[in-house]
Amino acid sequence: MHELAVALNAAMEGTVAEAMLSPFGRRMYFPKGIIAQCAQAQRCSGRHNATAGVAMSFGQTMFLRDIYDQFVPGAFSPNEIFNYAPVGGDPRLRELWRASMLAKNPSLQSCRISTPVVTAGLTHAISLASMMFVGPGDRVVIPDLRWDNYDLILSDLCQAEVRTFELFDRDMRFNVDGMRAALAGCGEQARLLLNFPNNPTGYTPSVSEMRRIAEALVGLADQGMQLLVLCDDAYFGLFYEADTCMESPFAYLANAHENLLAVKCDAATKEDMVWGFRLGFLTFGGKGLSEAAVEALGQKTLGAIRGTVSSCDRPGQSLLIRAMERGATYQADHECAREEMERRYRKFREALRRHSDSRALVPYPFNSGYFMSFRCAGNAEALRLRLLDHYQVGTVALSGRTLRVAYCSVECDDIDDLVDVIFTAAEETWK
Ligand SMILES: Cc1ncc(COP(=O)(O)O)c(C=O)c1O
């Protein structure tokens, strides 16, 4: 193992983070090679900087005018568009994201959390965290109704054993007992992935449910279990009901117990509506983590980024910094988009009332995010194909009996028709 990795592991010794590293995570370190020497030279080389592999002219990158001229003149320097971003992301963006995270999750104010590292989208953040903390044979617990990419990342990329529990209990609330039992059956260590607002159901727990989730996890940690909780906050902020918990589970867990490491994976992707920019963030929090351990975790994350994508999108980071820092309509546009999503949500709920006696399709609870899902009386794939072939309506079939509807992408005025067509097609499919 590289001596830098050995030193980082030593800095984390005795913490849950060190105990739960995968073999990959244990080996990771950030080399003191080209990147570190470039950074040092940038600070100290007043005369000539002959370090980075970037074509420079008078302190700015060279560029193609056909690209540069597409930006408003004077808006960005060539470096802000064309140069590499630092491996962990632009420090200004990392600080802005951290401040916005604290503003949206006031409970985090009292927690020691790492400065968010910029990733190439949220999928990359989940992949990085999984590669660092999930090794072959490790058990990862996820609710059964889940984003299908988790299986690719955890089962296929990391070779973990994915264990599921039913997302909803008999009262159609978050199944805290099922979650606790699934974790308790994992042995001395367990990994858990939580995603609220949930894809595919559009469910977020209430404050009391979230408290029960946190209490259950702290209870297991108290009994000596080591826990890693990955929080996928892709749809954070899209809450439509007053009793919904509007803070991330990360805010409940980042300072909860020495045996619990919380990891927040979030992104500008949906929160700031920049799907194609590929900008996500990875943040760690844990009660027992010293400053040195947090720093070591950060260095390992940088190593994992350097060894995969090297660094993330530069123009996207510059654009986001500008919007967050001095955007005239940043907050207003956010609220406007959230309100439009809420209008579609309410319209969808209202349309469902007309079909409340249907036995073909029963909606799962939903109160947030972009989606809702139906529990189907028959095969969901058959319904999906009927909707597509007979009605030219696209939906997603999942796990046999679940049909996901992304109402986020359908105009408010079309939602009545969408809902009616889905129920008509369902009656025809399983008559
Ligand atoms: C639950 C969930 N997590 C993560 C992602 C991925 O986000 P990104 O596009 O930033 O990789 C998605 C995207 O659909 C998602 O639904």
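Biologist: How far apart do the C-alpha centres of domain 1 and domain 2 lie?
Modeller: They lie 29 Å apart. Keep in mind that this is a predicted model.

Biologist: Which residues belong to domain 1, and which to domain 2?
Modeller: Domain 1 covers 3-30 + 87-326. Domain 2 covers 330-429.

Biologist: And how many residues of each are in contact?
Modeller: On the domain 1 side, 22 residues. They touch 19 residues of domain 2.

Biologist: What classes do the residues on the domain 1 side divide into?
Modeller: There are 13 nonpolar, 7 polar and 2 charged residues on the side that touches domain 2.

Biologist: Switching to helices. At what angle do α8 and α14 pack?
Modeller: About 115°. Their axes are 10 Å apart. Helix α8 is residues 122-133, and helix α14 is residues 291-306.

Biologist: Why call α8 roughly perpendicular to α14?
Modeller: Because angles of 65 to 115 degrees count as roughly perpendicular, and this pair is put in that class.

Biologist: Is the crossing left-handed or right-handed?
Modeller: The crossing of α8 and α14 is right-handed.

Biologist: Which residues meet there?
Modeller: From α8, Leu128, Met131 and Met132. From α14, Lys300, Thr301, Ala304 and Ile305. That contact has 5 nonpolar residues, 1 polar and 1 charged.

Biologist: New topic. Which residues surround the ligand?
Modeller: Gly121, Leu122, Thr123, Trp147, Asn195, Asn199, Asp232, Ala234, Ala267, Thr269 and Gly280.

Biologist: How does that shell split by class?
Modeller: Around the ligand there are 6 polar, 4 nonpolar and 1 charged residues.

Notes. Residues numbered from 1 in each chain as written. Predicted model: local features only at pLDDT ≥ 70, side-chain atom pairs only at ≥ 80, totals over all residues. Axes fitted to C-alpha atoms, helices over the stretch in contact; angles between N-to-C directions. Helix = DSSP H or I, 4+ residues; strand = E, 2+ residues; numbered from the N terminus. Parallel < 35°, antiparallel > 145°, perpendicular 65-115°, else oblique. Left-handed = near helix turned anticlockwise from the far one by under 90°. Contact = placed C-beta atoms within 7 Å. Nonpolar A, V, L, I, M, F, W, Y, C, P; charged D, E, K, R; others polar. Domains from an automatic or database assignment. Near = placed C-beta within 6 Å.
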